[in-house]
Amino acid sequence: MTRQTRMAMNSGFPAGRVDLNELRAGPVEWSGNLPAEPGAWGLDELGVVDEPLLEFRAEAGGRGSVRVSGRLTATLKLACRRCLDEIEWPMEVVFDYRFDPAVQEWEEEGGVFTLDPNAASLDLVRPLREEWVLGMPDYPVCQEGCRGLCSVCGADLNESNCSCTRQPGDDRWAVLKQLVSDGQPEAARPDNDD
């Protein structure tokens, strides 16, 4: 006799939890939208165009462990790191977690998390938040050739050229610049005292 997978289709995220009692009857699949508010994830810098979509399959494993695999998709609202214009950044995170009562909190790594053996439900918010943060780009730009903002007047150099004159650098660095320009780049390198 084969166990049948039950599908739970919701329009809202069920408090970020998987009911472990349901898993005793067989694997559970879930698909729905997550809250878009930053407070729901503990990420103040989070901005999304629409509610993120989460799809996952949860199944019981050996020795009380649980495997949850799925996909999280969203379109983020980010600021270009050069010109500060708002950009939309599509993001897709594919995950495969194992929650195991034999794993201690300090042993968590690589998608393996601890699980309280007496827990009635499994909290997905923390690992999903980690995936969310890891999936965000480090240096988003609106376009590869973005010229950014003028460092003097703040004008958007993508829209127009400004007439600012660049001030020479700090005179205290002139000696180091002279060493490098005199053909002695090794003088500017740090010592390697092992």
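Arg 57 is partly exposed, with a relative accessible area of 25%. Here buried means under 20% relative accessible area, exposed means over 50%, and partly exposed lies in between (1.4 Å probe, protein chains only). The model is predicted: local features need pLDDT of at least 70, side-chain atom pairs count only at pLDDT 80 or more, and totals for chains, interfaces and linings use all residues. Residues are numbered from 1 along each chain as its sequence is written, and side-chain values use heavy atoms, with hydrogens and water left out.

**Salt bridges**

Side chains of opposite charge can pair when their charged atoms come close. A salt bridge is a side-chain nitrogen of Lys or Arg within 4 Å of a carboxyl oxygen of Asp or Glu. The structure holds 8 salt bridges. Among them are these pairs:

| Pair | N to O distance |
|---|---|
| Glu 29 and Arg 57 | 3.2 Å |
| Arg 71 and Glu 55 | 2.5 Å |
| Glu 108 and Arg 126 | 3.0 Å |

Where do the partners sit? Helices (H or I, at least four residues) and strands (E, at least two) are DSSP runs, numbered from the N terminus.

The side chains of Glu 29 and Arg 57 meet in a salt bridge. This pair links distant parts of the chain: Glu 29 lies in strand β3 (residues 28–33) and Arg 57 in strand β4 (residues 53–60), 28 residues apart. Glu 29 is partly exposed, at 25% relative accessible area.

Arg 71 bridges to Glu 55. Arg 71 belongs to strand β5 (residues 66–79), Glu 55 to strand β4, and 16 residues separate them. Arg 71 has a relative accessible area of 30%, so it is partly exposed. Glu 55 is partly exposed too, at 26%.

Glu 108 pairs with Arg 126. Glu 108 is in the loop between β6 (86–100) and β7 (112–114), while Arg 126 is in helix α2 (residues 125–135), 18 residues apart. Is Glu 108 buried or exposed? Glu 108 counts as buried, at 19% relative accessibility. Arg 126 is partly exposed, at 32%. Elsewhere, salt bridges that share partners join Glu 29, Arg 57 and Glu 59 into one network.

**A negative patch**

Glu 37, Asp 50, Glu 51, Glu 86 and Glu 88 gather in a surface patch of negative charge. Patches are made of residues with over 30% relative accessible area and no salt bridge; like charges are joined within 9 Å, nonpolar side chains (Val, Leu, Ile, Met, Phe, Trp, Tyr) within 5 Å. Asp 50 is found in the loop between β3 and β4. At 56% relative accessibility, Asp 50 counts as exposed.

How values were computed. Areas by Shrake-Rupley, 256 points an atom, 1.4 Å probe, with all protein chains shown as cover. Lys, Arg positive; Asp, Glu negative; His and termini not counted. Charge placed at Lys NZ, Arg CZ, Asp CG, Glu CD.
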